[in-house]
Amino acid sequence: AIGNLAGGIAHDFNNLLQIIHGYTEIMIMKKDKTHPDYQKLIEVKQTAQRATDLTKQLLTFSRKVESVMKPADLNHEIRQIHKLLERTLPHVINMELKLSDDLHSINADKSQLGQIIMNLGVNARDAMPNGGTMRIETRNEVIEEKSPETPEDFRLGPGIYAVLSISDTGIGMTRDSMDHIFEPFYTTKEVGKGTGLGLAIIYGIVTSHNGHISCTSEVGKGTTFDIYFPVFQKLLNA
Ligand SMILES: Nc1ncnc2c1ncn2[C@@H]1O[C@H](COP(=O)(O)OP(=O)(O)O)[C@@H](O)[C@H]1O
Ligand SMILES: [Mg+2]
């Protein structure tokens with residue numbers, strides 16, 4: 001429901017922002033740089049731009065319906081994003097890949113997989129301002145029938161899953177914070193740095209893939225996100 005609402009509003013909102021942006025641009029052009037309002041108008045323009053970026057994310061958030069599900073190799077998508085991430089990460093952050101070489105295929109939308117890995121990667125980077133290690137791992141995991149040890153919020157049925165695990169050695173989170181991280185607009189980052197949509201989007205994508213995301217974290221030690229995807233089942237000839 002949040003998705004639909006966001007999508008509808010975001011579209012109209014974007015059009016309004018274009019108008020604000022456009023008129024501000026015109027006013028800036030007509031003013032000399034020394035004019036007392038010049039800097040204020042630049043602020044307005046930049047803020048309109050930030051609002052536009054935010055609406056773009058809202059639109060992505062509501063685009064769940066457009067997913068194209070195909071057999072996909074999680075390792076392949078990780079290697080692609082890894083190249084991108086490596087270029088943007090500060091040198092104080094180490095990247096480790098530990099990809100299972102017999103990982104099962106999953107049924108997934110490749111661009112959404114990319115979005116998941118990228119968003120988790122960026123969060124891990126933000127959590128390690130003084131450096132550390134980001135580790136991306138894949139593994140096959142068999143989930144048995146629920147046992148007394150199964151966490152209550154663990155919703156997966158028994159079966160075989162391909163697991164994507166991203167961990168960092170960063171600042172970690174309090175229990176209180178962890179209760180809110182999947183809510184849209186929950187962020188602990190400064191205005192302009194965080195939107196609070198990353199994990200909400202990831203949650204939506206994972207759910208639409210019939211998967212599960214879980215998080216473990218310890219303040220000052222680091223955080224791990226595990227995402228479970230049901231493996232792709234080949235259709236048998238009837
Ligand atoms: N790897 C991480 N380590 C510590 N905190 C995290 C991590 N990932 C997410 N968080 C917390 O969850 C919040 C929400 O994350 P997200 O939805 O991606 O929004 P944003 O990154 O824009 O703040 C973050 O602001 C942060 O408080
Ligand atoms: Mg984020």
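Started at the ligand: I found a polar side-chain atom of D168 2.8 Å from a nitrogen atom of ligand 1. I'm counting a polar contact as a pair of N or O atoms within 3.5 Å; within protein, one must be able to donate a hydrogen and the other to accept it, and residues adjacent in sequence count only if both atoms are side-chain atoms. L199 uses a backbone N or O atom, 2.8 Å from an oxygen atom of ligand 1. T223 has a polar side-chain atom 3.4 Å from a nitrogen atom of ligand 1. Then I checked cover: of the 540 Å² of accessible area that ligand 1 has on its own, the protein covers 94% (Shrake-Rupley method, 1.4 Å probe).

Note on the model: it is predicted, local features need pLDDT of at least 70, side-chain atom pairs count only at pLDDT 80 or more, and totals for chains, interfaces and linings use all residues. Residues are numbered from 1 along each chain as written, chains are lettered from A and ligands numbered from 1 in written order, and side-chain values use heavy atoms, without hydrogens and water.

Next, T24. I placed T24 in helix α1, residues 2-30 (helices are DSSP runs of H or I, at least four residues, numbered from the N terminus). T24 counts as buried because its relative accessibility is 6% (buried is under 20%, 1.4 Å probe, protein chains only). Its side chain reaches the backbone oxygen of I20 at 2.4 Å. Beyond neighbours within four places in sequence, I saw T24 in contact with L41, V44 and K45 (heavy atoms within 4.5 Å).

Conventions. Helix = DSSP H or I, 4+ residues; strand = E, 2+ residues; numbered from the N terminus. Buried < 20%, exposed > 50% of the residue type's maximum accessible area, 1.4 Å probe, protein only.
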